Amino acid sequence: MARNVIITGGGTGIGLAAAHAFAAEGDRVLIVGRRAEVLQKADVAGVLTHAADLGTVQGARGAAEFAREAFGGTVDVLVHSAGGSGRLEPAEGVGDDPLDAVAHAWTTNFRINTLTSVLLTEALREHLTSPGGRILFLSSVAALRGSGTGAYGGAKAALHPYTFDLAKALGPRGITVNAVAPGYVEDTEFFGPSMPQEEYRRRVGAIPTGRAGTPDDIAATLVWLASPGAGHVTGQIVQVNGGEMLGR
Ligand SMILES: NC(=O)c1ccc[n+]([C@@H]2O[C@H](COP(=O)([O-])OP(=O)(O)OC[C@H]3O[C@@H](n4cnc5c(N)ncnc54)[C@H](OP(=O)(O)O)[C@@H]3O)[C@@H](O)[C@H]2O)c1
């Protein structure tokens, strides 16, 4: 039976691959992101779109209301792919004081990675299919081993105890809650328009499988975690990163 699936950050990268993968399963898919023009370009069969900043209460509430109306009730699968390193976000109003830059990096990462996931989940938690609902977060290997400044990894790591608490709270309703932790994934907007060859070689060189992750690698795991076969998997941080956590 077709499920009602929401994918945040569904206009690009991992979220867009997930939108294709769930649509191929025959599901009804709603993608959410801030840029309406990017969402509208997504060539996913039958996809619904809604533009909103999910890092705000107003944006999350509006997206939840849109989803409930569009789906006529409950949500079966909620995939939180919205996020980023924060480096590409505008730095308006950040002064010369280095502490200003630190505060900006941490608050930006918390807003785009943590709050986007938490606010929409809380807005929809009473409207998830029960039993059978699925919540899937996008974490990162950075949450397990650091990310340079701590800001990005810290914002992703905040999703781990949230995953555990939700798994315990929603388990009795037959809803599972898991997070997927990719390593370096190419063909996304995460690193901006291009990456220097040297950095690409360094990143891939640190991955035991000898290749970058692809958005389809992550989408396949999301589809599996949403399937009936994964119905007894909950409260897990599933690493999909070619062993990047181990290094080489
Ligand atoms: N690529 C990697 O190597 C990698 C590794 C580990 C984890 N991840 C995680 O995987 C997820 C998907 O990233 P990606 O690699 O596919 O990068 P991406 O192409 O940049 O996708 C991120 C998406 O999130 C949306 N977004 C960001 N802030 C938002 C907000 N406040 N409200 C609504 N939507 C928002 C963006 O669209 P708008 O700008 O239009 O809002 C964009 O479509 C992210 O959570 C990322 O942190 C990526």
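A residue counts as buried when its relative accessible area is under 20%. In this predicted model, Ser117 has a relative accessible area of 1%, so it falls in the buried class. Ser117 sits in helix H4, which runs over residues 98-124. A polar atom of the Ser117 side chain lies 3.3 Å from the backbone oxygen of Asn113. Leaving aside residues up to four places away in sequence, Ser117 touches His80, Phe137 and Leu159.

Leu159 brings us to helix H7, residues 159-170. Leu159, His160, Tyr162, Thr163, Leu166, Ala167 and Leu170 are the buried residues of H7. Looking down the axis, these buried residues fall within an arc of 160°, so they line one face of the helix. Their cover includes H4, along with helices H5 (142-145) and H6 (151-157) and strands S5 (134-138), S6 (176-182) and S7 (237-240).

H4 and H6 turn up again around the ligand: together with helix H1 (13-24), each supplies at least two residues of the shell. That shell holds 30 residues, the closest being Thr12, Arg34, Arg35, Tyr152 and Lys156. On its own the ligand has 870 Å² of accessible area, and the protein covers 95% of it.

Note on methods:
Residues are numbered from 1 along each chain as its sequence is written. This is a predicted model: local features need pLDDT of at least 70, side-chain atom pairs count only at pLDDT 80 or more; totals for chains, interfaces and linings use all residues. Side-chain values use heavy atoms; hydrogens and water are left out. Helices (H or I, at least four residues) and strands (E, at least two) are DSSP runs, numbered from the N terminus. Buried means under 20% relative accessible area, exposed over 50%, partly exposed in between (1.4 Å probe, protein chains only). A polar contact is a pair of N or O atoms within 3.5 Å; within protein, one must be able to donate a hydrogen and the other to accept it, and residues adjacent in sequence count only if both atoms are side-chain atoms. Contact means heavy atoms within 4.5 Å. The expected span of a helix is 1.5 Å times one less than its number of residues. The arc is that of the directions from the helix axis to the C-beta atoms. A residue is near a molecule or strand if one of its heavy atoms lies within 4 Å of it. Accessible areas come from the Shrake-Rupley method with a 1.4 Å probe; for residues, only the protein chains shown count as cover.
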